[in-house]
Amino acid sequence: AETLEEVAQHKKWKVYGVNVRTNHVHAVVGGPVSPDFMMNAFKSWATRRLRERGMVAAGQKVWTRHGSTRTLWRENDLLDALSYVIDGQGSDLGGTRVGEVE
């Protein structure tokens, strides 16, 4: 969650919500680029941080080939996605962050 927020701040993207699970990450993020571009940036930075901290060996595969991305066009879509990401994942594992919805 920390690295995702670092990327978003660097890129000037808005983080609405993040939920880091043991084997995947959910994020609701806004910005002037495609969801696929955002996902790739998050994966790249997170992999770098995991390797820097010795949590993943060099050359070890970390992520699946792609991931699920959606464009949220309406405020209700954003609120539904946030509800799913924050409240719909089970118990908090310490990687949940909620931003402000404007």
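Biologist: Which element gives the largest share of the lining of the largest pocket?

Modeller: This is a predicted model, in which local features need pLDDT of at least 70, side-chain atom pairs count only at pLDDT 80 or more, and totals for chains, interfaces and linings use all residues. Residues are numbered from 1 along each chain as its sequence is written, and side-chain values use heavy atoms, without hydrogens and water. A pocket is an open set of points on a 1 Å grid over the protein atoms alone, where a 1.4 Å probe fits, with protein on both sides within 12 Å along at least five of seven lines; lining residues have an atom within 4 Å of a point. Helices (DSSP runs of H or I, at least four residues) and strands (E, at least two) are numbered from the N terminus, and the largest share of this lining, 8 residues, comes from α2.

Biologist: Which residues lie nearest the centre of the largest pocket?

Modeller: The lining of the largest pocket comprises 45 residues. Nearest the centre are Leu4, Val25, His26, Ala27 and Phe42.

Biologist: Is α1 oblique or roughly parallel to α2?

Modeller: The two helices pack at an angle of about 125°, their axes (lines fitted to C-alpha atoms over the stretch in contact, with angles from 0 to 180 degrees between N-to-C directions) being 9 Å apart. Angles under 35 degrees count as roughly parallel, over 145 as roughly antiparallel, 65 to 115 as roughly perpendicular and the rest as oblique. Therefore α1 is, relative to α2, oblique.

Biologist: Which residues of α2 make the contact with α1?

Modeller: Contact means heavy atoms within 4.5 Å. From α1 come Thr3, Leu4, Glu6, Val7, Ala8 and His10. Those of α2 are Ala41, Phe42, Trp45, Ala46 and Arg49.
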